[in-house]
Amino acid sequence: MEMTKEAIKQVGDMKREHYAMIINGERVESSSGSTFETFNPAKGEVIATIAKANEEDAEKAVQAARQAFDHGKWRKYPVGKRARVLNKIAQIMRSRFDELVEMEVLNSGKSVGAAQVQINQSIEDFEFYAGAIVGHRGEVNNMPYGFFNYTHKEPVGVCAQIIPWNYPMMMAAWKIAPAIAAGCSVVIKPASLTPITAIILNEICHEAGVPEGVVNTVPGSGAVVGDYLVKHEDVNKVAFTGSTPTGKDIMEKASQTLKRITLELGGKSPNIVFEDADMEAAVAGSLFGIFFNTGQSCEARSRMFVHEDIYDEFMEKFIEKTQKLQTGNPFNKGTHLGSIISQEQLEVIDFYVQSAIEDGATIATGGKPMYPEGFEDGYWYEPTVITDVTPDMKVVQEEIFGPVVVVEKFKDEKEVIKRANDTKYGLGSAIWTKDQGRATRVAHQIQAGIVMVNSPFSAFPGTPFGGYKQSGFGRELTVETLDLYMEDKSVLSYYGPKPLNPFGV
Ligand code: NAP
Ligand code: MG
């Protein structure tokens, strides 16, 4: 089937029955004519069909990105002009904020409050990189007399960006903004469960003036389209966020062409509450740390350690507040937890909770699927607190990716650091204490890329975000991310008065 094409001048209606993929600045259908359905997981309802990319479509997207990079104008623009386009993307997003929030809630089931925070941060990412790229520059290096050397920073090329379903728009923004700021071209592969807002963001890029081919979006299967991009000779870099097993698979495949890669993977982040913590702040922050985004966050603080002296008081308050959390209609302003992303993920969560029961743990609250009124056909799970766990239990070791926290008691600082680090992951961590010395001591010993001290929030544009150990490598959201989309080129010249003849012949 010949692809139907329509150049994107304006985004138009965001809410549609069908979304095409975006290749070379145009809306195009799959070369095979295939589509797939996308759902509102809060209701278990189909909301739209999506053009389903196959290898042929992925090839077209890579060639469009390659052409735009090798022969296009984007990377040659004065940096201020690129920055203006990034700011324009942010402006369009801001002017259509409510619609973007609505689309994000519809396709992901997350609460409107969570979606607002994430769309806002997506906008700020573009603003941040618009500023950061203007100040970004190479260096002049110290050389022996007669030699002049500078580091010239050049965009790395065509980047495949593969993103997950938990923050559909924000992950697209985290990926696209620094890449195009640096002058790269990108091919985005959104998660099959949540393709809509990434497609819309690509359209907004074109409306804002990003030239054709610089940003392309190919919704389709990770195992087919994702795999194709990762192996492709003309792709210079892969930026991936998702599960640790998929990250390992990508690293292995990317090695065949020695692609640059950054991996932002899973986590099982500790949340340590010391005996001198501000009780109210620690309870509120720990609650947010696990239940924000219905626990579907890579940096969810899903392993709680509470000092034995305050354990009873803390847990009473924590459980009481957990039971007060509102789960239901994601569009209600008072809703704290939206739905789970899919039936499959709901089953994963319940599997882990059942395994905890079998292993002898206690379900202090929650522990089962739920059916909020009007949303009975969606995928919902009670906010769940599990106590009496031991370090070897599955529920303590493995990432669950749902509203489930495990709680352990501890006695002293040294012991809790050791236990907090007893995981293959190393993404987030949180410390609750009023003792600044302790906060610093512990922060420096935790094996994780992110330490939150008395803070419920893990990141703002500007904070380096990424993991230690099997949580991956590379940092996003910060100035240095630009370097991960660039190559350092050394330019060495000789300026001495006499020609050099090192062989002396
Ligand atoms: P995943 O398999 O890692 O998927 C993430 C992205 O990678 C999706 O776009 C996916 O496409 C794509 N993908 C899958 N297999 C691929 C392959 N072989 N080559 C290239 N790309 C591939 O994650 P998931 O299956 O959605 O979720 C599974 C678990 O991952 C969750 O339970 C959770 O523990 C974890 N997770 C972590 C994060 C995080 O932020 N760190 C985010 C989401 C999930 P498709 O959507 O088409 O499969
Ligand atoms: Mg998967």
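Q: Which residues is Glu264 in contact with, leaving aside its neighbours within four places in sequence?
A: In this predicted model, Glu264 is in contact with Trp174, Phe240, Thr241, Gly242, Cys298, Leu427, Phe465, Ser471 and Glu476, once neighbours within four places in sequence are left aside.

Q: What does UniProt place at Glu264?
A: The feature "active site", and that comes from an unreviewed entry.

Q: OK, and is Glu264 buried or exposed?
A: Buried: its relative accessibility is 3%. The cut-off for buried is under 20%, so Glu264 falls in that class.

Q: Which strand does Glu264 lie in?
A: Strand 13, residues 260–264. Strand 13 is mostly covered, with four of its five residues buried.

Q: What's next to strand 13 in the pairing?
A: Strand 12 pairs with strand 13 in the parallel sense, over five bridges.

Q: How many residues of strand 9 are buried?
A: Five of its five, over residues 158–162. Both faces are covered: Val158, Ala160 and Ile162 are buried on one side, and Cys159 and Gln161 are buried on the other.

Q: Which way do strand 9 and strand 10 run, parallel or antiparallel?
A: Parallel, with five bridges joining strand 9 to strand 10 (residues 185–189). Cys159 has Val186 as its bridge partner in strand 10. With helix 5, strand 9 and strand 10 make a right-handed β-α-β unit.

Q: Switching to packing. What tends to happen to nonpolar side chains in soluble globular proteins?
A: They tend to be buried together.

Q: Which members of the largest nonpolar core here touch the most other members?
A: Ile89, Phe126, Ile180, Phe314 and Phe318, out of 104 residues in that core. Helix 5 (residues 168–182) gives the most to this core, with 12 residues. Domain 1 (17–265 + 471–490) and domain 2 (270–453) each supply at least three residues to this core.

Q: Which residues are in another core, apart from that one?
A: That other core has 27 residues, including Val28, Ala61, Val235 and Ile250.

Q: Back to Phe314. What is Phe314 in contact with, leaving aside neighbours within four places in sequence?
A: Val273, Met279, Ala282, Val283, Ser286, Met304 and Val306.

Q: Which residue is the bridge partner of Val273 in strand 19?
A: Trp432. Strand 14 (residues 270–273) and strand 19 (residues 430–432) pair in the parallel sense over three bridges.

Q: What's the strand order in the open sheet of seven strands?
A: The order is 16-17-18-15-14-19-20, with mixed pairing. Strand 16 (362–365) and strand 20 (452–453) stand at the edges with a single partner strand each, so one side of each has no neighbour in the sheet.

Q: Domains, then. How many residues of domain 1 are in contact with domain 2?
A: 26 residues of domain 1 are in contact with 29 residues of domain 2. The centres of domain 1 and domain 2, taken over C-alpha atoms, are separated by 31 Å.

Q: Which residues does UniProt list for "domain: Aldehyde dehydrogenase"?
A: Residues 29–491, again from an unreviewed entry. Over residues 29–491 the chain is 41% helix and 18% strand, and the end C-alpha atoms are 44 Å apart.

Q: Last one: Tyr145. Where does Tyr145 lie?
A: Tyr145 lies in the loop between strand 7 (139–141) and strand 8 (147–155).

Q: Buried or exposed, that Tyr145?
A: Exposed, because Tyr145 has 68% relative accessibility, and the cut-off for exposed is over 50%.

Q: And how far apart in space are Tyr145 and Ala282?
A: 58 Å, C-alpha to C-alpha, while they are 137 residues apart in sequence. Ala282 is one of the residues in contact with Phe314.

Notes
Residues numbered from 1 in each chain as written. Chains lettered and ligands numbered in written order. Predicted model: local features only at pLDDT ≥ 70, side-chain atom pairs only at ≥ 80, totals over all residues. Heavy atoms only, no water. UniProt positions renumbered as here; feature names shortened; annotations may be inferred. Helix = DSSP H or I, 4+ residues; strand = E, 2+ residues; numbered from the N terminus. Core = buried A, V, L, I, M, F, W, Y, C linked by side-chain atoms within 4.5 Å. Buried < 20%, exposed > 50% of the residue type's maximum accessible area, 1.4 Å probe, protein only. Domains from an automatic or database assignment. Contact = heavy atoms within 4.5 Å. Pairing = 2+ DSSP bridges. Right-handed = clockwise from strand over helix to strand, strands pointing away.
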